[in-house]
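Trainee: I have a new structure open and I'd like to learn how to read it. Could you take me through some features, one at a time?

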Amino acid sequence: MQNNSDIDDSFEIEDDSPESAAESLAAGHREFVVDEENQGLRLDRFIALQVPEISRTHVQNLIDEGRVLVGGITKKPSHRLEPGETVNIEIPATVVPGVEPEDIPLDILYEDQDIVVLNKPSGMIVHPGAGEDSGTLVAALLHKYRADGLSQIGGVIRPGIVHRLDKDTSGVMIIARNDDSHTKLVEEFRERRVEKTYLALLHGAIKGEKGRIELPVSRDMKRRSRMTARRPSGREARTDWRLRLRLDQFSLVEANIHTGRTHQIRVHFSALTFPVVGDTLYGAPRQERIGRELMPPLERNFLHSARIAFEHPRSGQRMEFRAPLPAELVTYIQELGRRLKANESAIDAALKEFS
């Protein structure tokens, strides 16, 4: 089965710096004298015409920060210029953000001069964002391989990062160590030649032994931290699943995704009213209840990237790697089975392939 990874939408490479490289080159002091041709122009429009390499947003910020003076006085963006007025602009050098290396242990499954395959733990974000700047996978990679040992296509915030896993999802990931490998891996994902298998414990007794979910995925316009499968205008997405174990009102499933939409597995199963256990963002309770007793909180999602198979970007050899199910997930499902008085051997058999 060929499928895609839990990657960002369409592998878009974003510019990580607040301004472009051209804006960085524009740094310094500029002075202009307004001529009759520019008489009556708004101040912000005048600056945009005189320094076209900086964005309108940057122009607005310069004015707001008091870095633009007209005749030695700060003016509003809407100020209408008169002939003979002198406009002075101070454009500071752009501070390009980066990630500080951190000595964080990594669970390396395989490495060579082109790629690294690792087992990401739950609780670790892949790269800085949304107010979380430390303890990232990128920081750990930079400490181990340095910037020149990772691909640079993702910029200074995402060196080596070809695809991502959510913070509370654990499991196998591929890292690119050079730009050529990065480009070839992205193409593999895009053409859906990468096989990726997840293991998920769902809240609820899903019907049947296997199935396919084909619901479009898009950003939830009311809660921007979520995705949704309710908008028909969303991007096409496909998840195939197979039941591995049924535990009363819980279902352990193996999921393979053929598209790489953000939160795809979580969104798809939640849309069917079977949220991933522990995934409170998509409707799961913080603590599962067995009869009158509450299970201990899992403190993560019961979602694990268990297997990946792909062609090596240099040799073309087909490779497969597996990341064992984390101990906390094994312990949780065993405790769940104990409380439900389930057959222990059935649980062991279901987990054997993922241990």
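Trainee: Let's begin with the lining of the largest cavity: how do its residues divide into nonpolar, polar and charged?
Mentor: That lining has 6 nonpolar, 2 polar and 2 charged residues. Keep in mind that this is a predicted model.

Trainee: Which residues line the largest cavity?
Mentor: You'll find Val277, Gly278, Pro285, Arg286, Gln287, Glu288, Pro296, Pro297, Leu298 and Tyr332 around it.

Trainee: And how does one find a space like that, and how much space lies in the largest cavity?
Mentor: The general idea is that a probe the size of a water molecule, rolled over the atoms, shows where empty space is left. Here the largest cavity holds about 30 Å³, and the structure has 1 cavity of 30 Å³ or more.

Trainee: Now pockets. How much space lies in the second largest pocket, and which residues line it?
Mentor: About 150 Å³. Its lining is made up of Arg226, Met227, Thr228, Ala229, Arg230, Val267, Ser270, Ala271, Thr273 and Tyr282. By class, that gives 5 nonpolar, 3 polar and 2 charged residues.

Trainee: Which element gives the most to that lining?
Mentor: Helix H6, with 3 residues. Both H6 (264–271) and strand S10 (227–228) supply at least two residues each.

Trainee: Let's turn to a single residue. Where is isoleucine 161, and is it buried or exposed?
Mentor: Look in the loop between helix H4 (137–145) and strand S6 (170–176). To judge burial, check the relative accessible area: under 20% means buried. Isoleucine 161 has 6% relative accessibility, so it counts as buried.

Trainee: What is isoleucine 161 in contact with, leaving aside its neighbours within four places in sequence?
Mentor: Its contacts are Val126, Leu137, Val138, Leu141, Ile175 and His182. As for valine 217, 56 residues away along the chain, its C-alpha atom is separated from that of isoleucine 161 by 23 Å.

Trainee: You mentioned S6. How many of its residues are buried?
Mentor: 7 of its 7 residues, so to read S6 by the under 20% cut-off is to call the strand mostly covered.

Trainee: Which strands does S6 pair with, and in what sense do they run?
Mentor: To read a pairing, follow the bridges and the directions of the strands. Strand S5 (residues 115–120) runs antiparallel to S6, with 6 bridges joining them. One place to look is valine 117, whose bridge partner in S6 is isoleucine 174. S6 also pairs with strand S15 (residues 303–311), in the parallel sense and over 2 bridges. There, serine 170 stands opposite histidine 304 in S15.

Trainee: Last topic, the rings. How many aromatic pairs does the structure hold?
Mentor: It holds 4. When you read a pair, check the distance between ring centres and the angle between planes. Take tyrosine 110 and phenylalanine 321: their centres are 5.3 Å apart and their planes are at 40°, so the pair is tilted.

Trainee: Which residues do the ring pairs link into a cluster?
Mentor: Tyr110, Phe310 and Phe321.

Definitions and conventions. Residues are numbered from 1 along each chain as its sequence is written. This is a predicted model: local features need pLDDT of at least 70, side-chain atom pairs count only at pLDDT 80 or more; totals for chains, interfaces and linings use all residues. Side-chain values use heavy atoms; hydrogens and water are left out. Helices (H or I, at least four residues) and strands (E, at least two) are DSSP runs, numbered from the N terminus. Buried means under 20% relative accessible area, exposed over 50%, partly exposed in between (1.4 Å probe, protein chains only). Contact means heavy atoms within 4.5 Å. Two strands pair if DSSP finds at least two bridges between them. Rings of Phe, Tyr and Trp (its six-membered ring) pair if their centres lie within 6.5 Å; planes under 30 degrees apart count as stacked, over 60 as edge-to-face and the rest as tilted. On a 1 Å grid over the protein atoms alone, a cavity is a set of points where a 1.4 Å probe fits but cannot get out, and a pocket is an open set with protein on both sides within 12 Å along at least five of seven lines; lining residues have an atom within 4 Å of a point. Grid points are joined across faces, edges and corners, and a volume is the space filled by probe spheres set on the points. Ala, Val, Leu, Ile, Met, Phe, Trp, Tyr, Cys and Pro count as nonpolar, Asp, Glu, Lys and Arg as charged, and the others, Gly among them, as polar.
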